[in-house]
Amino acid sequence: MDYTEINSKTIDEWIKEGWEWGIPITHEDFLNAKNGNWNMLLTPTKPVPKDWYPDLKRKQVLGLASGGGQQMPIFAALGAVCTLMDYSQKQIDSDLLIAEKENYNINAVKADMTKEFPFSDESFDIIFHPVSNCYIEDVMHVWNECYRVLKNGGILMAGLDNGINFLFDEGEKEIKYKLPFNPLKDEYLLKKLMQNNDGIQFSHTAEEQIREQLKAGFKLIDIYEDTNGYGLLHQYNIPTFWATLSKKIIN
């Protein structure tokens, strides 16, 4: 079984257990979004700045690894044409359920983002990509595919783990692991993650998460930091995530 299939099944299990990123928005949240009261997250706590969003009416939006019924319903409420690509069937099911309840259309595709995206070149105006690169080994492939399927002038909003979380034990009180954290190259890490039902996760560097966006052809427009939202690192206000706004510009 490929490691991405293991992660897909693991996330399905997390959702059954009440994973916070798999709980859909409510009907009231949907109505509030229609009335202009909304925000969305790329990282755990800090909402994406409103000035990152263009006018969303009729914009083609790809929610990349963005299932769970949290972001795509809001994009739909704001008039966007939504496509979801996720590798967790449970996450997809949540979005389909909300779409049926709120009477909007969504194109939901189960696909592995480590493979070629199942979309034509220049299909989307916006890609919304919450933190999920920690579940894949090769980030450059994702940036290349994002660049390919975005229209010229299209934007990529991405939530990114900066790797710090992977250094620590579960209590965040002791530095226990070396970077890079790659269980495909360390049998001990792989065994520990599987025992804890943590999925197969990877740390990534700034070079992978940001510089490789630039190498793919994107122009970095804006960036901010965020914390875990809980735990010792959060108490000390240590940033563990970045969010980036990048644009595809073909001269």
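1. Phe166 and Phe181 are both buried, buried meaning under 20% relative accessible area, against over 50% for exposed and partly exposed in between (1.4 Å probe, protein chains only). Tyr177 is buried as well, as is Phe181. The rings of Tyr177 and Phe181 have centres 5.6 Å apart and planes at 90°, so this pair is edge-to-face. Rings of Phe, Tyr and Trp (its six-membered ring) pair if their centres lie within 6.5 Å; planes under 30 degrees apart are stacked, over 60 edge-to-face, and the rest tilted.

2. This is a predicted model, in which local features need pLDDT of at least 70 and side-chain atom pairs pLDDT 80 or more, while totals for chains, interfaces and linings use all residues. Residues are numbered from 1 along each chain as its sequence is written, and side-chain values use heavy atoms, without hydrogens and water.

3. The ring rule gives twelve aromatic pairs. One of them joins Phe166 and Phe181, with centres 5.0 Å apart and planes at 40°, so the pair is tilted. Its two members are 15 residues apart, both in the loop between strand S5 (150-161) and H6. Helices (H or I, at least four residues) and strands (E, at least two) are DSSP runs, numbered from the N terminus.

4. Trp38, Tyr53, Phe75 and Phe128 are linked into a cluster by ring pairs. Lys50 lies over the face of Trp38, 4.4 Å from the ring centre. Elsewhere, the charged end of Lys110 sits over the ring of Tyr87, 5.9 Å from its centre. The criterion is NZ of Lys or CZ of Arg within 6 Å of the ring centre and within 35 degrees of the ring normal.

5. Asp125 belongs to strand S4 (residues 124-129) and is buried, at 18% relative accessible area. Its side chain makes a polar contact with that of Lys151 (3.4 Å), and a polar atom of the Asp125 side chain lies 2.8 Å from the backbone nitrogen of Gln60. A polar contact is a pair of N or O atoms within 3.5 Å; within protein, one must be able to donate a hydrogen and the other to accept it, and residues adjacent in sequence count only if both atoms are side-chain atoms.

6. Helix H1 (residues 3-16) has 14 residues and spans 20 Å from first to last C-alpha, close to the expected 20 Å, which is 1.5 Å times one less than the number of residues. Ten of the 14 residues are buried, among them Trp14 and Ile15. Just after H1, Gly18 has a positive phi of about 95°.
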